[in-house]
Amino acid sequence: MGKDLNLDLFGPGPDPEGAENSPPPVSSDDDSEPVGGRRHSREARGSADSPVATERGSGPEAEENGTETREVWTVSQVNSAVRALLEEHLPPLWIAGEVANWKRAGSGHCYFTLKDESAQLRCVMWRGDAARLPMDPEEGMKIRVLGQLTLYESRGEFQLVAKRLEDEGGEGLWRLAFERLRTRLDEEGLLAPERKRPLPRFPQTVGIVTSPTGAALHDILTVLRRRAPWLRVLVAGARVQGEGASQEIADAVVRLGGSGRVDVLIVGRGGGSIEDLWAFNEEPVSRAIAACPVPVVSAVGHEVDVTISDLVADVR
C-alpha cells in the first residue's frame, strides 16, 4: 500500500467482494420437500441415482391384449416426460401479474401465486434468490417475474420457479424498501442534521470498513497518501455485496469504531446498481453507523448514488 502510510489490517478478512456462499435450498412450504420441481440440473436428472433417470430409462411397458399391443405409462413416467417437455422446450420467461398469498417459509423459500383477471400460476422462489429481495412484495402488487416453468412431479403440479422479481417500475421494490427505512430512521431522529459530528481536524488514525479486494480501498488509500501521508490506517475487511454483507459491514463498524484505536471511520465501496449497493441501505449498517462512538464518513458508490448510510453518517 506504499511505505508512506502505516497500514494495518484490523481483524479477520472476509470472502472476496460480493461473494456468496449459501448452500442450495432444501425445504419447501412445509420445510420438508420442495413445492417446485426438483432443484437438480438437467445433467443431474440424467444421473444414475436420479429418480427421473430411473423412470425415464424404463419407458412405458408393452402390454398385449389379444391382438392389440398397448403402451402403458406409469404416473411417474408421465409427470417426468411432461416436466422434461416444459424445461427443455420452454426458455425462462418474464411473466407479469399480481401477487397473491405471498409466504416466506422458515427455510427462507418463498411461495406465492401470480394472477391476472382470468388465471393464476403457482410460483416458488428458492432461498438463495429470495434472500436478494429488498422486501417481500405486498398483496395485490403488480410485478414481473423471471422464471422457469416446470412440473413438481410427485404432486403433478404445474408451477413457475422464479429467479428474479421486480415491480412494474423496475426499481420500485427497492425504492419502496428504501423509503420505508428512511422514514422510520427519520422519525427516530437518526437523520437529523443536529446530530452530525464534525470530523477531527488532524486525525492520527483512520479506520476503513470496506472489501479488502475492492477498488474502493485502493482509491481511498491513494487519496490519504497524497493528502495526509503521516496517517496510520486500520482496515476492517467486510463483504460489501450479497447475502449477509450488511451484517458483516455492521459488525466491522462496531468492532473498529469501538476499539478506541481510530479517530474517524470511513465506510464505503465502489459504484454499482441499486442492488449492488443494497447492503448500505439495510438497517444493521444504518444503526451501527448511528451508534458509532467516532465520526463516520460514508463513501458509497458514485456522487449520484444516495444510500441510507449516506443519510445517517456524519459526512458523505
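1. In this predicted model, the side chains of Glu-87 and Arg-83 form a salt bridge with an N to O distance of 2.8 Å. Both residues belong to helix H3, where they are 4 residues apart, or about one turn of the helix, and both Glu-87 and Arg-83 are buried.

2. A salt bridge between Arg-104 and Asp-136, at 2.6 Å from N to O, links distant parts of the chain, since Arg-104 sits in strand E4 (residues 93–104) and Asp-136 in the loop between helix H4 (127–130) and strand E7 (142–152), 32 residues apart. Arg-104 counts as partly exposed because its relative accessibility is 36%, and Asp-136 counts as partly exposed because its value is 30%.

3. Arg-180 and Glu-138 also meet through their side chains in a salt bridge, here at 2.0 Å, N to O; Arg-180 lies in helix H5 (residues 172–187) and Glu-138 in the loop between H4 and E7, 42 residues apart. With a relative accessible area of 40%, Arg-180 is partly exposed, and Glu-138, at 35% relative accessibility, counts as partly exposed as well. Salt bridges with shared partners join Arg-184, Glu-188, Glu-283 and Arg-287 into one network, and the structure holds 18 salt bridges.

4. Which residues touch the most other members of the largest nonpolar core? In this core of 57 residues, they are Leu-165, Val-209, Ile-249 and Leu-265. A second, separate core has 13 residues, among them Leu-217, Ile-220, Val-235 and Val-264.

5. Ile-266 itself is found in strand E11 (residues 264–269) and counts as buried because its relative accessibility is 12%. The contacts of Ile-266, again leaving aside neighbours within four places in sequence, include Val-206, Ile-220 and Val-297. Ala-299 is another of these contacts, and the C-alpha atoms of Ile-266 and Ala-299 are 6.8 Å apart in space, although the two residues are 33 residues apart in sequence.

6. Strands E5 (residues 110–115) and E6 (residues 120–125) pair in the antiparallel sense over 6 bridges, with Thr-113 having Arg-122 in E6 as its bridge partner, and a hairpin of 4 residues joins E5 to E6. E6 is also joined by 2 bridges to strand E8 (residues 157–167), and these two strands run parallel, with Val-124 opposite Val-161 in E8.

7. Trp-73 lies in the loop between strand E3 (68–72) and helix H3 (75–89), and it counts as partly exposed because its relative accessibility is 43%.

Methods: Residues are numbered from 1 along each chain as its sequence is written. This is a predicted model: local features need pLDDT of at least 70, side-chain atom pairs count only at pLDDT 80 or more; totals for chains, interfaces and linings use all residues. Side-chain values use heavy atoms; hydrogens and water are left out. Buried means under 20% relative accessible area, exposed over 50%, partly exposed in between (1.4 Å probe, protein chains only). A nonpolar core is a set of buried Ala, Val, Leu, Ile, Met, Phe, Trp, Tyr and Cys residues joined through side-chain atoms within 4.5 Å. Two strands pair if DSSP finds at least two bridges between them. Contact means heavy atoms within 4.5 Å. A salt bridge is a side-chain nitrogen of Lys or Arg within 4 Å of a carboxyl oxygen of Asp or Glu.
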